[in-house]
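Dear colleague,

Please find below the structure that I am handing over to you. My findings follow directly after it.

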Amino acid sequence: MLPVVADVTRDVAAGPPAEFVASAQPLRDPFARSINYLRVSVTDRCNFACTYCVPDDGVNHKTRADLCTFEELERIVGVFAALGVRRLRLTGGEPTVRAGFVDLVARLRRVPGIDELVMTTNGHRLAELAGPLVAAGLAGANVSLDTLDATRFAELTSGGDLVRVIAGIDAARAAGIEVKLNAVALAGINDGEIAALCAFAWQRGLVMRFIEHMPLSSGALYAPARELAAATIRAAVVDAFGALEPSAAERGIAGPARYWRLAAQPAHELGIISAMTEHFCAACNRVRITADGQLHACLGHDDAVNLRDVVRRGGSDDDLRRAIAWSVEGKREGHEFQRTGGGAPTKHMIAMGG
Ligand code: SAM
Ligand code: SF4
C-alpha cells in the first residue's frame, strides 16, 4: 500500500475547494496524529524583544483591525472544540499586552468543550495579573526564564527585568497557577546555567524545560555555533545532579517535550523540546493560530489558511470546520529545520508564539 502523505503541492491559503468534504471529527491528520491542542497567538506585539526571537530590523506588526476580535476568537475556538480540541494555550508575542486579556481568558475558558486553558508568557505582567487570571479560569503558565543573571537577562530580552519576572513566577504559584519554566538553550549564552536553572525551578517545585533554538525568520536569527543539543543539556544535568530517567510515560504527556527526572529525586523533573537534534514530529498533536487568524498546521512551514477571513466573509460554522479540516489534512509530516539553519520558514516566532 502506498504511504499516506499530505498533498503539499496544493494551495493551502486558497482554502478548501467546493468539492472538499471534511472528514468526520475528531481532527486527525494524514499521518494519524490526533489534533487536540490549539495554540492561539492573541497579539504579535511584545514588551520584550528577545534577541533569538525578534529580527534586528523588527517585524511588520499587524494593525488592530487585522487582529481577530474576541468574538471572532470565541467563534473559532468553539468550532475547534466541537472538532475535539480540549486544550487551549494563549500566547503571543506577549499575550498579556493584548488589551482586555483577562476578559479574553474568561470568555475562551467558557467555550463549551474547552477543558483547560493555559498560556505562555514572559512573566513581566504576571505579578499584577496572576490573581485576576486565576479568577478568569487560567490553569497554567509556561514562563520564559532563559537566565538567572540580571544583566544577561536584560541583554537577551532587550530590557527585561529579572527581579520582576521572578516576582511574577512566585505570584503565579501563590495564586494556584501551575507554572513551568522555559529556557531557550543557547551555547555561549546560558549553557553554563543549566544546573542553576534546574535548581531554581526545583526549589520551587516546578518543572524546568529547555528548548532547542529553531530557525524561523528565514534562519536570520539562527547560528549553528549557538546549538545546545538535548544530549548536552542532559549531560550537564547528570553532571550536576546524577542520573536521569524518563518520566513522560507516567505523566501521560503527548506533544513535543520529552520529560526526565532525577533517578534519586523523582520529584525533580525537566523537559527538553529538541526540535533540532531529536525530532518529535511523530508525536505532534497541535495546530496554531496567529493573531490575525491564520491557521498554521505546522510551525516549520509557511502554509496557512485564514480563518478570520472565513468569519469576516460571513462564513458559517460549517465553512470554518471545512477550512480547519482542509488545513489539518494538509499538515506536513514534519518540519525541515536543519542544524545549519536551512529549511526555515519565513515566518517569525514572535508571530507564532512558540
Ligand atoms: N512572549 C511569550 C514568552 O516569551 O514566553 C510567549 C511567546 S514566545 C515566542 C514563546 C516561546 O518561544 C518562549 O519560550 C520563547 O523563549 C520561545 N522562542 C522564541 N524564539 C524561539 C526560537 N527561535 N526557537 C525556539 N524557541 C523560541
Ligand atoms: Fe517577546 Fe516572548 Fe519573543 Fe521574547 S520570546 S521577544 S518575550 S515573544
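S217 belongs to the loop between β6 and α7 (230-241), where helices (H or I, at least four residues) and strands (E, at least two) are DSSP runs numbered from the N terminus. Its phi is near 45 degrees, a positive value in a residue that is not glycine. S217 is buried, with a relative accessible area of 6% (buried means under 20%, with a 1.4 Å probe and protein chains only). S218 is found in that loop between β6 and α7 as well, and has a positive phi of about 55 degrees without being a glycine. Most residues other than glycine have a negative phi, and most peptide bonds are trans.

The model is predicted: local features need pLDDT of at least 70, side-chain atom pairs count only at pLDDT 80 or more, and totals for chains, interfaces and linings use all residues. Residues are numbered from 1 along each chain, chains are lettered from A and ligands numbered from 1 as written, and side-chain values use heavy atoms, without hydrogens and water.

The peptide bond from G92 to G93 is cis, with omega near 10 degrees. G93 sits in the loop between β2 (87-91) and α2 (101-109).

Turning to ligand 1, a polar side-chain atom of Y52 lies 3.0 Å from one of its oxygen atoms. A polar side-chain atom of H213 is 3.2 Å from a nitrogen atom of ligand 1, and a backbone N or O atom of M214 is 2.9 Å from a nitrogen atom of ligand 1.

Yours sincerely

Note on methods: A polar contact is a pair of N or O atoms within 3.5 Å; within protein, one must be able to donate a hydrogen and the other to accept it, and residues adjacent in sequence count only if both atoms are side-chain atoms. Buried means under 20% relative accessible area, exposed over 50%, partly exposed in between (1.4 Å probe, protein chains only).
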